[in-house]
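Open the structure in your viewer and keep the selection tool at hand. The stops below say what to select and what is found there.

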Amino acid sequence: MRDVRRPALVALAAVFVLGAVGLLTVAALDDRPLAFTLGVQPAQVAAVLQPGQTVCQEPIDVPADARTVRFSVGTFGAPGPQLQVLTRTSGAIAGRDSVRAGYGDRATVAASPRGIVAGRRIELCVRNVGRRQVTIWGGVAGAARTSTARVDGHDAGTDLTLVFERGESRSMLAAMGDVFERAALFHPSWVSAGLLWALAALLLTGLPVALLLALRAALNSYSSGP
């Protein structure tokens, strides 16, 4: 009987190698500007700001440096008023930027205040400095877990949808180190980023080896059959 083991094993090994190369290529080329979010979906109006009012999401523990914050607004069909976006640390203003007036209803606007630095605990505030009211979109209270929205210091009973972005895009592959470091924070002390890297490498190499051994055993059984 012709020995079919070697061609089958070679073919399976080639499939795994090509698959691994493909995954690494996609991860390296998939640029993502996202730094982090609060996990809040824009499902409802979280705050209605009259001229002069301010809404703050606080506190926010910053897991990664960010340059820009994006959020969704409503203008009741009128041109949107100017907004001032502030970051505060320990009550002091760490950075500020403005959103120019004139944006549309249900638009997503962006600002780039300073102070969104990994390891800091901040407040992210939006102040209506225009002459018309504006709404900021977000979700129900508790969606952000560890922070809440306050309008002029009063609990709004909601959370803001805030999307923080880096100044430059990073590929999924380049961001894996940060992902493992954050994941290690929510596990026992003996679980480190290095351990997660080792487990990922073991999964990447061990699974193909295990399947190759299983296929080889099956082919051996087939070749020695009646």
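How many salt bridges does the count come to? The count comes to 3 salt bridges, where a salt bridge is a side-chain nitrogen of Lys or Arg within 4 Å of a carboxyl oxygen of Asp or Glu. Before selecting them, note that this is a predicted model, in which local features need pLDDT of at least 70 and side-chain atom pairs count only at pLDDT 80 or more, while totals for chains, interfaces and linings use all residues. Residues are numbered from 1 along each chain as its sequence is written, and side-chain values use heavy atoms, with hydrogens and water left out.

**Salt bridges**

Select Asp61 and Arg121, whose side chains meet in a salt bridge at 2.7 Å, N to O. This pair links distant parts of the chain: Asp61 is in strand β3 and Arg121 in strand β8, 60 residues apart. Strands are DSSP runs (E, at least two residues), numbered from the N terminus. Asp61 has 41% relative accessibility and counts as partly exposed; buried means under 20% relative accessible area, exposed over 50%, and partly exposed in between, with a 1.4 Å probe and protein chains only.

Next, select Arg70 and Glu165. Their closest N and O atoms are 3.0 Å apart, and the two form a salt bridge. Because Arg70 lies in strand β4 (residues 68–74) and Glu165 in strand β13, the pair ties together parts that are 95 residues apart in sequence. Glu165 is buried, with a relative accessible area of 16%, whereas Arg70 is partly exposed at 32% relative accessibility.

Then select Arg88 and Glu123, where the salt bridge has an N to O distance of 4.0 Å. Arg88 belongs to strand β5 (residues 83–89) and Glu123 to strand β8, so this pair joins parts 35 residues apart in sequence. Arg88 is partly exposed, its relative accessible area being 26%.

**The disulfide**

Which residues form a disulfide? Select Cys56 and Cys125: they form a disulfide, with sulfur atoms 2.0 Å apart. The structure holds 1 disulfide, the term meaning a pair of cysteine sulfur atoms within 2.5 Å. The pair links distant parts of the chain, with Cys56 in strand β3 (residues 54–61) and Cys125 in strand β8 (residues 121–128), 69 residues apart. The torsion about the S-S bond of Cys56 and Cys125 is about 110°, so the disulfide is right-handed. Are these cysteines buried or exposed? Both Cys56 and Cys125 are buried.

**Aromatic rings**

Move on to Phe36 and Phe164. A search of the whole structure finds 1 aromatic pair. The ring centres of Phe36 and Phe164 are 4.3 Å apart and the planes are at 10°, so the pair is stacked. Rings of Phe, Tyr and Trp (its six-membered ring) pair if their centres lie within 6.5 Å, and planes under 30 degrees apart count as stacked, over 60 as edge-to-face and the rest as tilted. Phe36 is in strand β1 (residues 31–37) and Phe164 in strand β13 (residues 163–171), 128 residues apart. Phe36 and Phe164 are buried.

Now select Trp137 together with Arg106. Arg106 lies over the face of Trp137, at 3.7 Å from the ring centre; the rule asks for NZ of Lys or CZ of Arg within 6 Å of the ring centre and within 35 degrees of the ring normal.

**A surface patch**

Finish with Val45, Val48 and Phe76, which make a nonpolar surface patch of about 250 Å². Patches are made of residues with over 30% relative accessible area and no salt bridge: like charges are joined within 9 Å, and nonpolar side chains (Val, Leu, Ile, Met, Phe, Trp, Tyr) within 5 Å. Accessible areas come from the Shrake-Rupley method with a 1.4 Å probe, and for residues only the protein chains shown count as cover. Val45 lies in strand β2 (residues 44–49) and is partly exposed, with a relative accessible area of 35%.

Methods
Helices (H or I, at least four residues) and strands (E, at least two) are DSSP runs, numbered from the N terminus.
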